[in-house]
Amino acid sequence: MERLKQQILQAGIVLSDQVLNLDAVINHQIDPELVMEMGKEFAGRFRGEPVTKVLTIEASGIPAAMATAYELRVPMVFARRKKTLTTDPDALCERVPSFTKGMVTDIVISRKFLTPADRVLIVDDIIANGDAARGLIRIVGKSGARLAGVGVVVEKTFQSGAAAIREQGIRLESLVRIAGLNGGSIQFL
């Protein structure tokens, strides 16, 4: 998506050769029109799959996942990053390290929102090491639902996450692929 690339070039901040701050693009401030374009793009790429739910993790994945669910006319479900007083005691749970947050969190989804009848499309903001995506994939498996594929807004191809998921035979589609962040600049694939 050319418009997304342009916004990344204009507002993305390279913090190191491994970390790209996209707060002004997809993680803290979002352009609703661009997010809806992302949803159309993901929906178009996965239109041939019988998707019944779009799944993501709070919070940065929610806008793109919601736009995709809207275009596919299916519900969106998001994993919470912590248990609350109202959490289903039989919820599906996975421990997931976060590359950018530098910590491990639990992701939790109530069993009533993912069932064996579902065909799930995972949509998230960025894939680096792929821990969040693998956690969601495990939750889909535990629920008995089937996985339609994974869509990510930004893939960092110089980190192993997306390649590891593709090696499992899982379809992974990215809107933008970044090959490197060397020298303080963003190199697209």
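User: Why is Thr-56 called buried?

Analyst: Thr-56 has a relative accessible area of 0%, and buried means under 20%, with exposed over 50% and partly exposed in between (1.4 Å probe, protein chains only). Thr-56 is therefore buried. The model is predicted, with local features needing pLDDT of at least 70 and side-chain atom pairs pLDDT 80 or more, while totals for chains, interfaces and linings use all residues. Residues are numbered from 1 along each chain as its sequence is written, and side-chain values use heavy atoms, without hydrogens and water.

User: What makes Ile-137 count as buried?

Analyst: Its relative accessibility is 15%, so Ile-137 falls within the buried class. Ile-137 is part of helix α5, residues 131-143. Not counting residues up to four places away in sequence, Ile-137 touches Ile-122, Leu-147, Val-150, Ile-165 and Ile-170. Glu-49 is 88 residues from Ile-137 along the chain, and their C-alpha atoms are separated by 17 Å.

User: How do you know on which side of α1 the buried residues are?

Analyst: In helix α1, residues 2-11, the buried residues are Leu-4, Gln-7 and Ile-8. They cover an arc of only 100° around the axis, so they are on the same side of α1; the arc is taken over the directions from the helix axis to the C-beta atoms. Glu-2 and Gln-10, on the other side of α1, are exposed. The buried residues of α1 pack against several elements, among them α3, β8 (146-156) and β9 (172-180).

User: Why are α3 and α4 called oblique to each other?

Analyst: The axes of α3 (residues 32-46) and α4 (residues 62-72) cross at roughly 55° and come within 7 Å. Angles under 35 degrees count as roughly parallel, over 145 as roughly antiparallel, 65 to 115 as roughly perpendicular and the rest as oblique. The two helices are therefore oblique. Their contact involves residues including Val-35, Met-36 and Phe-42 of α3 and Pro-63, Ala-67 and Leu-72 of α4.

Key: Axes fitted to C-alpha atoms, helices over the stretch in contact; angles between N-to-C directions. Helix = DSSP H or I, 4+ residues; strand = E, 2+ residues; numbered from the N terminus. Contact = heavy atoms within 4.5 Å.
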